[in-house]
Amino acid sequence: MTQPTPLAGPAPAKPSCAIVLVNLGTPQAPTAPAVRRYLREFLSDRRVVDLPRLLWWPLLNLVILPLRCTRVARKYADVWMPDGSPLAVFTRRLARAVQAQCPELRVADAMRYGEPALARVLHELRAQHLDRIVVLPLYPQYSTTTTASVQDVVAQVTAQWAADSAEPAPQVRTIEQYAQDADWVEAVAASIRAHRAQHGNPAHMLFSFHGLPQRLADAGDPYPQQCQASARAVAARLGLADEAWSLTYQSRFGREKWLEPSTAGTLDDLARRGVRRVDVVAPGFAVDCLETLEEVAKELAGDFRVRGGDLRYIACLNDSADHARALAAIARRELQAIA
Ligand SMILES: C=CC1=C(C)c2cc3[nH]c(cc4nc(cc5[nH]c(cc1n2)c(C)c5CCC(=O)O)C(CCC(=O)O)=C4C)c(C)c3C=C
Ligand SMILES: [Fe+2]
Ligand SMILES: [Fe+2]
């Protein structure tokens, strides 16, 4: 059954351009069957797991999904919001905030996996006879596992449009990354400043990014360099001394070697050295989700507390006005570049 395009608030009378904010996707409910549906689609994407299918299919369907779904569903239930999964709720709210910044444009939200499905949102926007569409993946740092997967869907949809020339098709451009965008860097820095004004300064600060298999970085995925560039830019904006902060990677999946240092291992080292107060910010996540609210703010904060420390988690930019303004400016520049 088709659902209406998820427009983010009051649409302009006759827009000619649109922005589509795309996030990863998330389960529809905090239950094992919903998590299984979500993980099966997500982890079947060759961009995410590139093992030979003959090996991966039985491993995923017969081992990983049966073992993981109930445990992960419990984690989702722990952070679930009245309106749904945090990732979906904050992405919808962010799209509304960007729409408020861009009354002349149409702003929609979409997901790479699950609903609202990116391909359907693009088809529905085409039916509205727009000239130009900017797709903005909500990943500040490019990775083949995330941004490139969004680009795959955009390429499939636009190829379909090119083959079916009965109706005019809008031009579509996808933003690759905004890891060092000045407005975005300032928005992250301002959120940290505001946290410090309220809670005081920490002894150490972690910039914690979602991890990636080391093998992909070795094969040329530019993600770790872009994480470093983002963290350095925010630290510089705040005037932090080099020894006052570290970059770490979280959310490891599977047995392969992932990027180091890990957030959990670094917190262990800090606890061992007697560092009591640590702030953690997660600038690779545009909005709060399972990996920030459950893994960092609950699990890692709890582990650190047991070791005598005090971990304070700084929320993602979510639907803040600073975030919406930064993303609107990035998308507008891209729209002008298409014209
Ligand atoms: C091989 C597995 C994974 C890769 C590679 C990976 C890269 C990657 N992921 C994000 C952002 C998010 N990931 C989220 C959840 C999540 N990620 C993986 C696995 C890989 N991610 C799994 C299995 C899960 C689901 C939870 C679990 O089972 O542990 C989320 C949150 C989703 C939510 O619903 O809240 C985000 C966001 C990035 C940025 C990235 C590469 C750079
Ligand atoms: Fe992930
Ligand atoms: Fe996790």
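In this predicted model, His 204 has Val 278 of strand β7 as its bridge partner.

Strands of a sheet pair through backbone hydrogen bonds, in either a parallel or an antiparallel manner. Here, 4 strands form an open sheet with parallel pairing, and their order is β6-β5-β7-β8. The edges are held by β6 (245–250) and β8 (310–314); each of them has a single partner strand, so one side of each is left without a neighbour in the sheet. On average, neighbouring strands of this sheet are turned by 30° against each other, direction ignored. A further helix, α8 (residues 223–238), lies across β5 and β6 and runs at about 145° to β6.

Attention may now pass to the packing of helices against one another. Helix α1, residues 32–43, packs against helix α2, residues 53–79, at an angle of about 125°, and their axes are 8 Å apart. The two helices are therefore oblique to each other, and α1 passes α2 in a right-handed crossing. On the side of α1, the contact involves Ala 32, Val 35, Arg 36, Leu 39, Arg 40 and Leu 43. These meet residues of α2 that include Leu 60, Leu 65, Arg 68, Cys 69 and Tyr 76. By class, the residues of this contact of α1 with α2 comprise 10 nonpolar, 1 polar and 3 charged.

From α3, the contact draws on Leu 94, Ala 97, Val 98, Ala 100 and Gln 101; from α11, it draws on Ala 321, His 323, Ala 324, Arg 325, Leu 327 and Ala 328. The contact of α3 with α11 has 8 nonpolar, 2 polar and 1 charged residues.

The model also contains a ligand. Around ligand 1 there are 23 residues, of which Thr 26, Ser 143, His 210, Cys 289 and Leu 290 come nearest. The elements that give two or more residues to this shell are α2 and α10. In terms of class, the shell around ligand 1 divides into 13 nonpolar, 8 polar and 2 charged residues.

The peptide bond from Glu 115 to Pro 116 is cis, with omega near -10°, and Pro 116 has its place in the loop between β2 (106–111) and α4 (118–126). Another cis peptide bond leads from Glu 260 to Pro 261, with omega near 0°; Pro 261 lies in the loop between β6 and α9 (263–272). His 129 has a phi near 55°, a positive value in a residue other than glycine. The loop that holds His 129 is the one between α4 and β3 (132–137).

Technical notes:
Residues numbered from 1 in each chain as written. Chains lettered and ligands numbered in written order. Predicted model: local features only at pLDDT ≥ 70, side-chain atom pairs only at ≥ 80, totals over all residues. Pairing = 2+ DSSP bridges. Axes fitted to C-alpha atoms, helices over the stretch in contact; angles between N-to-C directions. Contact = placed C-beta atoms within 7 Å. Parallel < 35°, antiparallel > 145°, perpendicular 65-115°, else oblique. Left-handed = near helix turned anticlockwise from the far one by under 90°. Nonpolar A, V, L, I, M, F, W, Y, C, P; charged D, E, K, R; others polar. Near = placed C-beta within 6 Å.
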